[in-house]
Amino acid sequence: MTGEATASIRRINPAELGSPPGYSQVVEVRAARIVFIAGQTAIDQEGRLVGKDDFAAQVAQVFRNLEAALRAASCTAGDLVKLTVFLRNMDDLSTYREARNRFFATAMPPAAPAVTLVEVSRLYGPDFLIEIEGIAAA
């Protein structure tokens, strides 16, 4: 962002809480803007479901949508401070983590937002297998 103050984001993993894989236990933020991103599902720009019954395809689309939402707000993955992840099946956790790690691998500065991840029985559409909402600071 040009001409505006940039966010100060400090990711903290106190020894008492352990070092989590791929996320931070605590994220402290000082920012000019807070950006809230609605839950993103595997819908493409034409409104079609990507990857019916294919979790890997769906999670890839969800991260593409998250990236597009961040870009629309002049943010990047490095600005994310909080994610909430909803999985229909916890057996998909390792596939989610692989996709998450690819998404954050290019983030500069390196990002490891605070994350809440839960298994849910249903999302708003019967064919959705994952939904991710985010909060960014800029």
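1. Basis. This is a predicted model, in which local features need pLDDT of at least 70, side-chain atom pairs count only at pLDDT 80 or more, and totals for chains, interfaces and linings use all residues. Residues are numbered from 1 along each chain as its sequence is written, and side-chain values use heavy atoms, with hydrogens and water left out.

2. Sheet. Four strands form an open sheet in the order β3-β6-β4-β5, with mixed pairing. Strands (E, at least two residues) and helices (H or I, at least four) are DSSP runs, numbered from the N terminus. Two strands pair if DSSP finds at least two bridges between them. The edge strands, each pairing on one side only, are β3 (34-40) and β5 (114-119). The twist averages 10° from one strand to the next. Angles run from 0 to 180 degrees between N-to-C directions, with axes fitted as lines to C-alpha atoms, for helices over the stretch in contact.

3. Parallel pair. β4 (residues 80-87) pairs with β5 in the parallel sense, over six bridges. Opposite K82 stands A114 in β5.

4. Helices. Helix α1 (residues 55-72) lies across β3, β4 and β6 (130-137), at about 25° to β6. Contact here means heavy atoms within 4.5 Å. Helix α2 (residues 93-105) lies across β4, β5 and β6 and runs at about 155° to β4.

5. Aromatic link. There are four aromatic pairs, counting rings of Phe, Tyr and Trp (its six-membered ring) with centres within 6.5 Å; planes under 30 degrees apart are stacked, over 60 edge-to-face, the rest tilted. F63 and Y96 form a stacked pair, 6.3 Å centre to centre with 25° between the planes. F63 lies in α1 and Y96 in α2, so this pair ties together parts 33 residues apart in sequence.

6. Pocket lining. α1 gives the most to the lining of the largest pocket, with six residues. By class, the lining has eight nonpolar, three polar and three charged residues. Nonpolar covers Ala, Val, Leu, Ile, Met, Phe, Trp, Tyr, Cys and Pro; charged covers Asp, Glu, Lys and Arg; the others, Gly among them, are polar.
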